[in-house]
Each structure stands twice: as C-alpha cells, then as structure tokens.
Amino acid sequence: MQFHHHGYVSGDPRVSDAAGTGIDRPAELPDEVDVLIVGSGPAGMLLAAQMSQFPGVTTRIIERRDGRLVLGQADGIQPRSVETFQAFGFAERIVAEAYNIAYMNFWGPDPENPRNIVRTARTEDYALKISEFPHLIVNQARVLDYFAEAAAKGPGRIVPDYGVEFLGLTVHDDGEFPVEVRVRQAAGERAGQERTVRAKYVAGCDGARSGVREAIGRTHVGEIAQHAWGVMDVLVNTDFPDWRTKCAINSQVGNILHIPREGGYLSRMYIDLGAVAEDDQHRVRQTPIDEIIRRANEILHPYSIDVKQVAWHSVYEVGHRVTDGFDDVPAGAERDPRVFLTGDACHTHSAKAGQGMNVSMQDGFNLGWKLGHVLTGLSPASLLSTYSAERQPVAQQLIDFDKEWSSLMARKPEEITDPQDLATYYLATAEFPSGFMTQYGASAVVADAAHQALAEGLPLGKRFKSVEVVRVCDGNVVHLGHHAKADGRWRIYAFADARAAGEESVLTEWAHWLSSPESPLARHTPSGADPDAVFDVKVVFQQPYEDVDISRVPDVFLPTSGPLGLTDWEKVYAAGPTAWSDADIFAERGLSRGGVVVVVRPDQYVAAVLPLTATDELGEFFAGALVDQHARV
C-alpha cells in the first residue's frame, strides 16, 4: 500500500481523502443521481466500492432492509474472488478470519457393508495447484461488510440508503437523467412515503426476484429441476472424523455436501431430500428442520450428528436460469444501455458449486469501471454495451457447469460406475470453480489475438495471472499483479528486451514514444491530471535487479504526481530470480525475450498483447476504448 502521496499521513492509510461527491455527502437520497444501485448484495456492494473510486460521479445504493445483512446465505469464496478482495485492499484481513479449504474428501458406500459410508478419496483443494490465492469459506455478510467499508472509506464516501424500496422504473428517450425510478420508504418515520428519483444509469442488484428485471421486461430462461435439498448451518457434536474437512458424501439413501465454516465449530450441510413430485407445488420447501437433521443422520450412518444449535436453514429446489439479456436494450435496437442486471437478478443456479456470490461480484467489477469511465468522460457510452456481451456468456457457462456438478452430486450409488469419478471431475474442472476460466472475446476493450504468441501464458480476455518479480528500488520480491488496485486505472506492462536499462533498445524507443504527444498517455489523460491518473505504466527488465541502474530507466516509468510532485519509484521491476524467489516471469508466462507490451483492464483482464514496436496498434486500441481528451469539438 502506497500512501504519503499528498503529504505525511499518520492516520489509517486505508481511508482516502474525501473528494467530489464524497465531500459533504447529502444524508438524504437526492432527486437526481448519476448511478442508482438497487440492492446491497455482493454485486451491489462491490459496485458501490468501485464507484467510490470515481468521486466525480454521484452514486447512491438503495436497500429495502433497514440495515446491514446479519446472516448471509452464500459462503464459498473462490480464489478469483480473493484476488479481487486483494485489489480492494482487504484480502489479508478476510483470509485471516475465513475457513481455508485445504482438502476435499469423498465418501461412498462401504463395499463390505453398503449401509455404511467410508472415505473413498482425499484430494488437495484445486486452489493449491493453480493460484497463490486460497479457496475460502466465509459468511456473505462479512464479505458485504468489507465492501461496505471500502465504499465508505473511498473518496466517494458511499454508504447504503437503507429502508428504501424499489417500486419500478421508466426509461425515457431523452434527458440528462432519463431513468425515472419510483421508490418507497420502507422503514422509519416516513415509512410508506413514495417519491421519484431520476438517474443516468440504474444497476439492478436486487436478487432472484428482481424488480428491476421485471421493470425492463427481461425474463429468466430455464427450468427448475425436480430435486430438493435441505441446507443448514449447524453447531454439533459428532463422531464423523471429517467434520472439519469439506466432503462430498454419497450413500445408499442420499447425498450430502458438507462444508466447514469459519470459526472452528460451525459447518454447513447440503442434504439430499430426493426427487420432487411434479404436483408438489413447492410443498417440499416446508420440510421441517427435524426431518432435515434426520435425513442427515441417515446418510451419515454409521456416524451421527448431535445438533446443538441451528444458526440458519432452508430448503430449495435446484433451478438453472439465465436472463435473456443483462441490460435494457431490446434485441436489434441501436442505442446504448441505461439499466443493467447483475448477480441473481440475471442468473440463478444451485448453491453446491459455490459460484453464486463469486460470479455476482465479477458482474459488479465488470460494470463498475465501465460506468466510471463513461460518466467521467474517459470512454464513450458505447462501452457499456460490452457489459451484457461479456457477462451473459459467463453466466451460461456457470449454468452448464452447475447442472453437471448438481447431477453428479445427486446420483444414486447404482448410477456410479467409478467411486473416484466425482473427485476426478472436481480436480479436472478446477479452473472454472476457481474463477479463472472466464475469457472475454474481442471487443473495444479486448484486442484480437494476432500477437498472442508473444505472451502465451497471459491469454487475451482472461484475468492477468500474476508472478513474483523483484522491485528494483528496494529489492523486495512482490507479485506484479498485486500492485494493481481497484482504482479504475489501466495497467500497461512493458516487458523489456534483453538490453540493460539506459541502453538504446526497442524498449527505450517505445518509452520515448509513450512520453510523446502522440501517445495514449497524452491523448487520453485529462488536462491537469496526474500523468498516471488513467494509465499505470510499469516495466520489467530481464536482468537481475542488482544490474538494473534505476537512474538510467526512462522517465515514463518514474512519473511524478500529486500536489508535491513526488516520484513513484515502484514501477520498475526485474524478472529475477533472486535469493528469495526462483520465479522468472518471462519463463513462467511465455513472454518474448525480444520484449512485449501487455495491457490489462481496470478489472484485471488482459486487454492487449503487442510487440514493443507496435506503437500504432497500441494507440489505435486505446482510441477505440477511450475518448481523446484534447480533440477539438
């Protein structure tokens, strides 16, 4: 974390100075806002935290509840989400309180006595093999708390407007604030009072029964499977030996997905309640908790649980649905979107794959920086069309994966030919549940793959996969990607050719161009802004860090900014290895030794891979994603 940028700071460096709309923020919901977020779930709170980094934008978030969520339903946190938490500044703190999934064990009928269950496999968790970030279990309410803190401590000082209920909206064809939103006070002295708020954009983060989705005429497409599961968070005494290990349990009488929770005692159990009759009319949802506990004990035989307390429980029928569009633009229409859907408002599925909260947060991350760019004049409004284009295919992939996983979990013993196949599937598909399979196609913010061979390990459209490098100014080994915060900036990584710093090379020519009036830095950085306000430019040399003379590094990698004009020394790196790390980013990510430029979007996805000589192509890419700040009208 860098601070003291604006002078000496003795307080909490995680609290940014208030700016723009964060200064004297009105307590009451204004009549006009730039962005109105409806719902304070995972997508909504991440979106608020991201928008707080754009204090020139008036953003408000309304929530029907009268306060923070106390008991969240979701709990699985994939490595990609932890990576996202790191960008928002709270990964270390939430990891410290979460349950870290190290193994997943699999249980099945005992061949000698099929009425009993026995352990059939013990596998390392997928996160240990593919990421530096762990796979966690933590209450959704705590995740929302951390994002709420990031939103409230960001420059925009965004806090939810609790006790405000969404009633409906109308999108008008013109006007500065074309979305007319009807709301009602749901709590407090003015409970029942209705009013109208006008917005430039609305984000529907209001769950599976989304009023925003209904208001824009979007519908869920899909079906509910005829199978029910009971779920309970419980404190128990038990003789089951894997109580503090994640387990998939298959027995002759049903199945359980068992997930230990944070704190050392609490666990969550998804208990198979069996097939549901077509004429059930959702009566299965009234299954009493005593019956769910009885079923759990029946499945666990010869082991048992003595439930001391039920913290929460529910019954659900597996449903797999994707909304027919994630914004308000009808098919075939040629206009920019004004209303967006995120999270459960546009995709619903079972909870057993642990993807709902995770995918929802990435919806909010994708949308947030784009709204910030458009509303601050950095990008054209057409950028917002890429939200639905990118996130809807991801939701469909989620549904397809969850159907397969749910089907495997719900099998009867006689349908299982190989007791190891569930464990095999769990590990073979690790990239998807970890959150790393998402790959966006070519668009205004993802270039084509003509030069992908220059960085084979950083696929276009996929999240930037970090590697340790050595910071030249102090010799510390750091993860290159961990320096990228959720501050709305683009990252431009210049991986140098083999010549040393200061020698005439392809890199020095590229750096000279990047400092010129023709470069994206000059064209797309607003007048009067810091030189790194829009683009965070870094260089990685191939030499050991001791051999990099930082005094000879081009000035574009040592920008001065802030009111004191201080030099940022933390943009110059060496590939290693060192006594502290064997990593060599060039080797690990297949980077060209002749040099390569990798552009990464504000949401951490690789946007372009280009040779250092392709300055025209780099300029053209940014010209398609950003507005020329100095063009004459």
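Predicted model: local features only at pLDDT ≥ 70, side-chain atom pairs only at ≥ 80, totals over all residues.
Strand 5, residues 103-109, and strand 13 run parallel. Four bridges join them. Next comes strand 14, residues 254-260. Strand 13 pairs with strand 14 in the antiparallel sense, over five bridges. Asn250 stands opposite Asn255 there. Two residues lie between strands 13 and 14, and the two strands form a hairpin.

Is strand 13 buried or exposed? Six of its six residues, 246-251, are buried, so the rest of the structure largely encloses it. Look at both faces. On one side sit Lys246, Ala248 and Asn250, all buried. On the other sit Cys247, Ile249 and Ser251, buried as well.

Now the rings. The count is 23 aromatic pairs. Take Phe88 and Phe365. Their rings are tilted, with 5.5 Å centre to centre and 55° between the planes. Phe88 is in helix 2, residues 79-88, and Phe365 is in helix 8, residues 356-375, so this pair ties together parts 277 residues apart in sequence. Phe88 has 13% relative accessibility, so it counts as buried. Phe365 is at 1%, and counts as buried too.

A second pair is Phe464 with Tyr493. This one is stacked: 4.9 Å centre to centre, 15° between the planes. Phe464 sits in the loop between helix 10 and strand 19, while Tyr493 is in strand 21, residues 490-495. The two are 29 residues apart, and the pair links distant parts of the chain. Phe464 is buried at 4% relative accessibility. Tyr493 is buried at 1%.

Charges over rings come next. Arg338 places its charged end over the ring of Tyr201, 4.8 Å from the centre. Arg463 does this over Phe436, at 3.8 Å from the ring centre.

Last stop, Leu610. This residue is in strand 27, residues 606-610. Its relative accessibility is 7%; buried means under 20%, so Leu610 qualifies. What does Leu610 contact, leaving aside neighbours within four places in sequence? The partners are His451, Leu454, Val596, Val597, Glu617 and Leu618. One more distance: the C-alpha atoms of Leu610 and Ala494 are separated by 9.7 Å, and these residues are 116 apart along the chain.

Definitions and conventions: Residues numbered from 1 in each chain as written. Heavy atoms only, no water. Buried < 20%, exposed > 50% of the residue type's maximum accessible area, 1.4 Å probe, protein only. Contact = heavy atoms within 4.5 Å. Pairing = 2+ DSSP bridges. Phe/Tyr/Trp six-rings, centres within 6.5 Å; stacked < 30°, edge-to-face > 60°. Lys NZ or Arg CZ within 6 Å of the ring centre and 35° of its normal.
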